[in-house]
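Hi,

Here is the structure I promised to send over. Have a look at it first, and then read on for what turned up.

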Amino acid sequence: MKNFVERNIPMWEKASTPAEAEKIQEELYALMRDRLYGMMPPAPAEVRAKAVGKDTEIADKTFAGKAKHQRYRLSFDADKGEAAFEYDYFAPDDGKKHPFFVNICFHGPAGGHYLPAEEIIDRGFGIATFNYDEVSLDANVWDGIVPFYNMDRTGRDDWGKIGIWAFAASRVLDHILTLPEVDPDRIAVIGHSRLGKTALWAGANDPRFALVISNESGCGGAAINRGKVGEALSGMTDVFPYWFSPAMQDLRGVAPDDLDFDAHMLLALIAPRHLLVGSAEGDEWADPQSELYACRAASPMWEAYGKTGLVCDSETPVAGKAFHEGFIGYHMRPGSHFMSRTDWNIYMDYRDKHNV
């Protein structure tokens, strides 16, 4: 496997001030949008929330009375009418403001086996979680909120499913910012696998997320493509073309070393906010080594803002060790591709450490 230097990772022009960094980020954003993710529609002027099946705003007590739980239907005006989807809200029932996770999840209504909700509540965090399939199915069909927008995949820059799900994460954020239990300065967006890619793109588009968390997002997410093992972008053009914009088909057959972008450019869009990347030792498909290298390569953008990026004394990931000193945090746990309780607790450890 190629080491960091041998990967020949392309870098942007050195920035020495925040203003220079912002200009470079604008260029990197346009590059990632045009190559992979497509356009994002403007945010709606208003997001309306209705408590589903309840007469009061927050009716249920859950986890032995420790938490409030409410399912909401969010609706908003789009190009062709009213778009809508639902999400679940969990908050510690103690009358205080709390840091929150906006969790893009595979299962509803409470996140399934990927979400240890009671443990998260016990540690003082709130959760706003939505099932990505309820926004638009994870398939080459354009349902859910998509028909309400003039972005039907006939244009090469139209959004893919990652952009659609990321847009929904911001609509959840719109709503929770109006709720009394939410600390508006300590909201993270989080996702696993393809939804880790989505969390990164959501964070790149919405600076209100103070922390962006990618769990084993791999190719098209937090993993450097040059020298990567496992999944490759060129293969995704056939298997998962609908995750990305139609323009992504230009990458068909293109070797990683010939790309004019790489994953660290996506990560760099999060600066100067906090970023967490998690890997699993047995997850060669996502490739922990390439995810660590992306964090390392993205660090100069944080340095341009006067922040510390990744602080890591190892060339390779170390199973069971977290590197949490900087504004970029990285860990690799033992085991396989999964969003585990171990991962959640490591992310909460970082949040407690940095008060984010």
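To start with confidence: this is a predicted model, and the protein chain has an average pLDDT of 95, with 96% of the residues scoring at least 70.

One is Asp-158, which sits in the loop that runs between helix H3 (132-135) and helix H4 (161-176). Asp-158 is buried, yet has no salt bridge. The nearest side chain of opposite charge belongs to Arg-153, and that is 6.7 Å away, whereas a salt bridge needs the charged atoms within 4 Å. What Asp-158 does have is a polar atom of its side chain 3.3 Å from the backbone nitrogen of Asp-152. Leaving out residues up to four places away in sequence, Asp-158 touches Gly-38, Met-39, Met-151, Asp-152, Arg-153, Ser-245 and Pro-246.

The other is Ala-247, in the loop between helix H6 (233-239) and helix H7 (263-268). Buried or exposed, what is Ala-247? With a relative accessible area of 3%, Ala-247 counts as buried, because the cut-off is under 20%. Again leaving out residues up to four places away in sequence, Ala-247 touches Asp-34, Arg-35 and Arg-156. Ala-247 and Gly-155 are 92 residues apart in sequence, while their C-alpha atoms are 8.6 Å apart in space.

Cheers

Definitions and conventions:
Residues are numbered from 1 along each chain as its sequence is written. This is a predicted model: local features need pLDDT of at least 70, side-chain atom pairs count only at pLDDT 80 or more; totals for chains, interfaces and linings use all residues. Side-chain values use heavy atoms; hydrogens and water are left out. Helices (H or I, at least four residues) and strands (E, at least two) are DSSP runs, numbered from the N terminus. Buried means under 20% relative accessible area, exposed over 50%, partly exposed in between (1.4 Å probe, protein chains only). Lys and Arg count as positive and Asp and Glu as negative; His and the chain ends are not counted. A polar contact is a pair of N or O atoms within 3.5 Å; within protein, one must be able to donate a hydrogen and the other to accept it, and residues adjacent in sequence count only if both atoms are side-chain atoms. Contact means heavy atoms within 4.5 Å. pLDDT is the predictor's confidence in each residue, from 0 to 100.
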